[in-house]
Amino acid sequence: RKSNVLYKFACQQCPADKEAVYLGETARNLYTRGREHHQNYLRQQQESFMIKHQKDKHSQREPEFEAKVVSCFKDCLTRQIAEGVHIRRCEGEVLTLKAEWHQPALWKGRSELSRE
């Protein structure tokens, strides 16, 4: 029931070596956000990652996703950056659409001093 979290939904029907995951972040708790994802599925909302994945990979069978909190945060900026990093580092199939997480590519910064 912790709030301000990075969370993951992993498809239990996909083989472990081809894991399909949805990564997301919320200021609320995972229970509340997870209920919204489930309601989107039940209402057949086309933006539902569960509907899209089930249609594409599992012949529209009932979804079996395991949800868990990946990390907890104290501020929204750190949480949002962590989401982008986790999405970029994910080795399986990412069900999160880039349009959903609204983040530009992360750039490595370097500062230089110059003397005249």
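Salt bridges in the predicted model number 5 when a side-chain nitrogen of Lys or Arg is required to lie within 4 Å of a carboxyl oxygen of Asp or Glu. Side chains of opposite charge can pair when their charged atoms come close.

One of these contacts joins Arg 79 to Glu 25, with 2.4 Å between the closest N and O atoms. Arg 79 belongs to helix α3 (residues 76-89) and Glu 25 to strand β2 (residues 20-29), so this pair ties together parts that lie 54 residues apart in sequence. With a relative accessibility of 5%, Arg 79 is classed as buried, whereas Glu 25, at 21%, is classed as partly exposed; the cut-off for burial is under 20%.

A salt bridge is also formed between the side chains of Arg 28 and Glu 36, at an N to O distance of 2.6 Å. Both partners are partly exposed: the relative accessible area is 36% for Arg 28 and 28% for Glu 36.

Within helix α2 (residues 49-57), Asp 56 and Lys 52 are 4 residues apart, a separation of about one helical turn. Their side chains meet in a salt bridge with an N to O distance of 2.9 Å. Asp 56 is exposed, its relative accessible area being 52%, a value that falls in this class because exposure is defined as over 50%. Lys 52, by contrast, has a relative accessible area of 45% and is partly exposed.

Technical notes
Residues are numbered from 1 along each chain as its sequence is written. This is a predicted model: local features need pLDDT of at least 70, side-chain atom pairs count only at pLDDT 80 or more; totals for chains, interfaces and linings use all residues. Side-chain values use heavy atoms; hydrogens and water are left out. Helices (H or I, at least four residues) and strands (E, at least two) are DSSP runs, numbered from the N terminus. Buried means under 20% relative accessible area, exposed over 50%, partly exposed in between (1.4 Å probe, protein chains only).
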